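Please examine the sequence and the three-dimensional structure shown here. A briefing on selected features is set out below.

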Amino acid sequence: MALQLMKISIDGTIDTNVEPDSAKFFYVTTAETAAGDTLIVDAGDFLQDDGSTATELPDLATDNSYYTVYINGVEQMQGLSTYTPGATGTGSLEIQVPAGGPSIKENSPVVLHIVNFTPSSSGTFET
């Protein structure tokens, strides 16, 4: 008998869904933050998207999330901010204002946008 290549025959489908969970938090600065200083916004100082006071900042899903900070409607570089999830007194957003640059003026809007993704897959296979 001649040599033959043996292989597995599989037929299948995979369905993958990625569902984003988006949350926005809003804050208006109460004082100027000078260049070289850090603006710290506690979780309880933010307003939620519905106008109610936030009580907690959500966790970031490992490898499936991101956050974006806007000041005066301008997206900021990721390396300027530190995000800490948690309730009032624990959760916060810290923005380091670079030395030698402009300050963050009083009454400036700060928007924190958090997106967590929940991926799921299911499949069926026949041999």
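The points that follow concern a strand pair, a salt bridge and a pocket.

This is a predicted model, in which local features need pLDDT of at least 70, side-chain atom pairs count only at pLDDT 80 or more, and totals for chains, interfaces and linings use all residues. Residues are numbered from 1 along each chain as its sequence is written, and side-chain values use heavy atoms, with hydrogens and water left out.

**Strand pair**
- Strand S7 spans residues 81-84, strands being DSSP runs (E, at least two residues) numbered from the N terminus.
- Ser81 and Tyr83 form the covered face of S7, while Thr82 and Thr84 form the uncovered one.
- S7 and strand S9 (residues 92-96) run antiparallel and are joined by four bridges; pairing requires at least two DSSP bridges between two strands.
- Thr82 stands opposite Glu94 in S9.

**Salt bridge**
- One salt bridge is counted, defined as a side-chain nitrogen of Lys or Arg within 4 Å of a carboxyl oxygen of Asp or Glu.
- Glu32 forms a salt bridge with Lys105, with the closest N and O atoms 4.0 Å apart.
- The pair links distant parts of the chain, 73 residues apart: Glu32 lies in the loop between S1 (11-28) and S2 (38-42), and Lys105 in the loop between S9 and S10 (109-126).
- Glu32 is partly exposed at 48% relative accessibility, and Lys105 is partly exposed with a relative accessible area of 48%; the class lies between buried (under 20%) and exposed (over 50%), using a 1.4 Å probe and protein chains only.

**Largest pocket**
- Ile71, Gln76, Pro102, Ser103 and Ile104 lie nearest the centre of the largest pocket, among its 13 lining residues.
- A pocket is an open set of points on a 1 Å grid over the protein atoms alone where a 1.4 Å probe fits, with protein on both sides within 12 Å along at least five of seven lines; lining residues have an atom within 4 Å of a point.
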